[in-house]
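Student: I have a model open and would like to talk it through with you. Could we begin with the overall picture and then move to some side chains?

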Amino acid sequence: MNITISNEKIEMIISTLGAEPQSLKFEGREYLWQGDKEYWFRRAPLLFPMIGPTLNDKIWVGEKEYSMPNNGFARDTEFTLLDKGKDWAEFRLEDSEKTRTEYYPYGFILTVRYTLLENGYNARAEIDAKDDLYYTFGWHPAFSLDINGKGCDLETYTASFELEEHLDRKYAKDGVFVFEKDFLTGDSIDLKRSETDKGPIVLDNVKSREVTLTSSAGEHGVTACLGDMTTFTLWTTLNKHAQFLCLEPMLSFGDTKREKNIEKMKETRKLKKGEKAVYSNDFLVF
């Protein structure tokens with residue numbers, strides 16, 4: 001089921017499957033990738049409770065093995081629409097017998113709320129722990145490169161960071177990270193297919209709270225606000241010249257060499273029973 005919210009300048013469509021935005025039109029211009037199966041069928045999934053691949057798509061909790069799809073199961077699970085107003089909508093995913101027995105043995109409530117702003121939207125996620133649990137979380141919206149003209153090339157785009165950064169890059173090759181030292185020294189990345197075709201540009205320990213995508217070919221762009229997150233990923237499909245780029249604030253990004261037990265993974269965070277965590281990120285368009 002799709003839900004539509006709007007304000008004076010923006011219309012947003014959100015699917016209850018994965019609580020995933022399907023469209024974001026600002027002053028009539030579509031900013032989200034529209035999900036061509038030839039390249040990538042998704043549009044703006046959220047990632048929970050795992051980000052990145054695990055060995056053989058499995059995790060362990062104690063002595064028991066569970067399936068864990070790449071980037072978690074929430075993006076492929078139906079959420080419940082809790083409530084909506086003209087310019088906001090709130091969705092909820094709660095543990096079930098299926099999630100507890102197949103994927104993730106913890107009790108949780110994941111509440112996701114999208115609120116339109118004057119020039120974008122706020123994405124807010126609240127994770128409530130019904131048990132002691134381990135997790136990671138992130139957003140994965142794909143923004144259209146065509147906002148600056150049909151077929152506008154990735155090479156015309158730059159990702160500009162709010163602060164000067166000195167960051168290494170990692171990307172997964174056959175599920176295992178390759179590391180590039182000193183990938184970003186400064187405040188911007190001139191994007192190239194030769195780099196995105198290697199894999200995602202994963203940057204940890206990012207100081208900047210905002211990253212802005214702009215093009216030399218036009219005046220339109222997107223700013224991703226990292227909030228409390230310190231890992232930021234730029235990604236598009238490999239070797240296909242797809243007309244989108246994902247701007248992904250996240251808590252962490254792991255590979256298949258991580259600890260198999262979720263309780264021992266350095267990438268995961270712990271919530272004790274009764275605790276909650278809230279993540280709030282703005283995505284601004286112009």
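Student: What share of the residues of the protein count as buried?

Tutor: Bearing in mind that this is a predicted model, 57% of the 286 residues of the protein count as buried. The accessible surface comes to about 12400 Å², and carbon and sulfur atoms account for 46% of that surface.

Student: And what radius of gyration does the protein have?

Tutor: The protein has 18 Å, which agrees with the value near 19 Å that a compact globule of 286 residues would have. Along its principal axes, the C-alpha trace spans about 55 × 45 × 35 Å.

Student: How many helices and strands are there?

Tutor: There are 2 helices and 23 strands. As for how the chain comes together, among contacts between residues at least 6 apart in sequence, 65% join residues at least 24 apart.

Student: Switching to rings, how many aromatic pairs does the structure hold?

Tutor: The structure holds 25 aromatic pairs. In one of them, phenylalanine 73 and tyrosine 103, the ring centres are 5.2 Å apart and the planes lie at 15°, so this pair is stacked, the cut-off for stacking being under 30 degrees.

Student: Where do those two sit in the chain?

Tutor: Phenylalanine 73 is in the loop between strand E7 (64-67) and strand E8 (80-84), whereas tyrosine 103 belongs to helix H1 (residues 97-103), so that the pair links distant parts of the chain, 30 residues apart.

Student: Are they buried or exposed?

Tutor: Both phenylalanine 73 and tyrosine 103 are buried. They also belong to one aromatic cluster, whose members include Phe48, Tyr104, Tyr106 and Phe108.

Student: Which ring does the charged end of lysine 260 sit over?

Tutor: The charged end of lysine 260 sits over the ring of tryptophan 60, at 4.4 Å from its centre. Elsewhere, arginine 169 lies over the face of phenylalanine 183, 5.2 Å from the ring centre.

Student: New topic: where does asparagine 7 lie?

Tutor: Asparagine 7 lies in the loop between strand E1 (2-6) and strand E2 (10-15). With a relative accessible area of 17%, asparagine 7 is buried, because the cut-off for that class is under 20%.

Student: What lies by the polar atoms of its side chain?

Tutor: The backbone nitrogen of lysine 9 lies 2.9 Å from a polar atom of the asparagine 7 side chain, and the backbone oxygen of leucine 117 lies 2.8 Å from a polar atom of that side chain. Leaving aside residues up to four places away in sequence, asparagine 7 touches Lys86, Asp87, Leu116, Leu117 and Glu118.

Methods. Residues numbered from 1 in each chain as written. Predicted model: local features only at pLDDT ≥ 70, side-chain atom pairs only at ≥ 80, totals over all residues. Heavy atoms only, no water. Phe/Tyr/Trp six-rings, centres within 6.5 Å; stacked < 30°, edge-to-face > 60°. Helix = DSSP H or I, 4+ residues; strand = E, 2+ residues; numbered from the N terminus. Buried < 20%, exposed > 50% of the residue type's maximum accessible area, 1.4 Å probe, protein only. Lys NZ or Arg CZ within 6 Å of the ring centre and 35° of its normal. Polar contact = N/O pair within 3.5 Å; in protein donor to acceptor, adjacent residues only side chain to side chain. Contact = heavy atoms within 4.5 Å. Rg over C-alpha atoms; globule rule 2.2 N^0.38 Å. Areas by Shrake-Rupley, 256 points an atom, 1.4 Å probe, with all protein chains shown as cover.
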